[in-house]
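Open the model in a viewer and keep the selection panel at hand. The stops below go from one residue to its surroundings, and then to the chain as a whole.

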Amino acid sequence: MMRNIKVLVLSFLQFSGIILAIILEDLSDEKMGVARYLVFKKQEFAAGYFSPAYMNVFTFILAGGAIVCFALLLMVWKSRKRMVSLLFALFANIIAFIVFQINLELAAYHFYLIGMFIVVVFQYGWCIWAYKKLKKQKGI
């Protein structure tokens with residue numbers, strides 16, 4: 001019971017960033033203040049955290065994370081344990097990689113990227129925790 005509550009809370013935390021980006025995107029069409037804020041943040045983010053050099057680094061991190069998750073998935077495939085979190089991490093990496101490569105013309109695009117990073121970081125942590133737990137059970 002407690003494990004299900006933890007999974008539910010962590011899942012909500014993961015997707016809260018993406019949900020907030022969807023809400024901002026929706027409000028940008030209706031509220032002028034939100035649209036101005038998003039234009040300001042888009043300029044600020046493009047000059048700072050999401051400059052082309054950083055975007056290349058983020059892309060390599062996502063590609064490397066997808067490869068690591070796939071390798072862990074192959075290692076755990078026979079035991080059939082912890083596969084759901086690894087599959088979810090792999091799909092989150094692939095989706096984030098695609099979103100990074102396709103530069104969408106959204107008002108809240110950078111907030112979508114931040115939300116995807118939140119999901120991917122949570123999944124990395126979850127996979128590391130699951131892998132350590134699996135190693136402890138096997139006695140490696």
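**Stop 1: Ser 51**

Select Ser 51 and show its contacts: leaving out residues up to four places away in sequence, Ser 51 touches Phe 45 and Ala 46. Bear in mind that the model is predicted. Ser 51 sits in the loop between α2 and α3 (52-76). Is Ser 51 buried or exposed? With a relative accessible area of 15%, Ser 51 is buried, because the limit for that class is under 20%.

**Stop 2: Lys 41 and its partners**

From Phe 45, go to Lys 41, which lies over the face of the Phe 45 ring, 5.6 Å from the ring centre. Side chains of opposite charge can pair when their charged atoms come close. Searching the whole structure gives one salt bridge. Both Glu 44 and Lys 41 belong to helix α2 (residues 32-47), where they are three residues apart, about one turn of the helix. Colour the two by accessibility: Lys 41 is buried at 16% relative accessible area, whereas Glu 44 is partly exposed at 36%.

**Stop 3: the aromatic rings**

Next select Tyr 37, Phe 45, Phe 50, Tyr 54, Phe 58, Phe 111 and Phe 117, which form one aromatic cluster. The count of aromatic pairs comes to six. Zoom in on Tyr 37 and Phe 111: the ring centres are 6.3 Å apart and the planes are at 25°, so this pair is stacked. The pair links distant parts of the chain, with Tyr 37 in helix α2 and Phe 111 in helix α5 (residues 109-138), 74 residues apart. Tyr 37 is partly exposed, with a relative accessible area of 38%, while Phe 111 counts as buried at 17%.

Then move to Phe 58 and Phe 117. Their ring centres are 4.9 Å apart with planes at 70°, so the pair is edge-to-face. Phe 58 lies in helix α3 and Phe 117 in helix α5, so parts 59 residues apart in sequence are tied together by this pair. Phe 58 and Phe 117 are both buried.

**Stop 4: the whole chain**

Zoom out and switch to a cartoon: the chain has five helices and zero strands. Of its 140 residues, 34% are buried. Among contacts between residues at least 6 apart in sequence, 75% join residues at least 24 apart.

Key
Residues numbered from 1 in each chain as written. Predicted model: local features only at pLDDT ≥ 70, side-chain atom pairs only at ≥ 80, totals over all residues. Heavy atoms only, no water. Salt bridge = Lys/Arg side-chain N within 4 Å of Asp/Glu carboxyl O. Helix = DSSP H or I, 4+ residues; strand = E, 2+ residues; numbered from the N terminus. Buried < 20%, exposed > 50% of the residue type's maximum accessible area, 1.4 Å probe, protein only. Contact = heavy atoms within 4.5 Å. Phe/Tyr/Trp six-rings, centres within 6.5 Å; stacked < 30°, edge-to-face > 60°. Lys NZ or Arg CZ within 6 Å of the ring centre and 35° of its normal.
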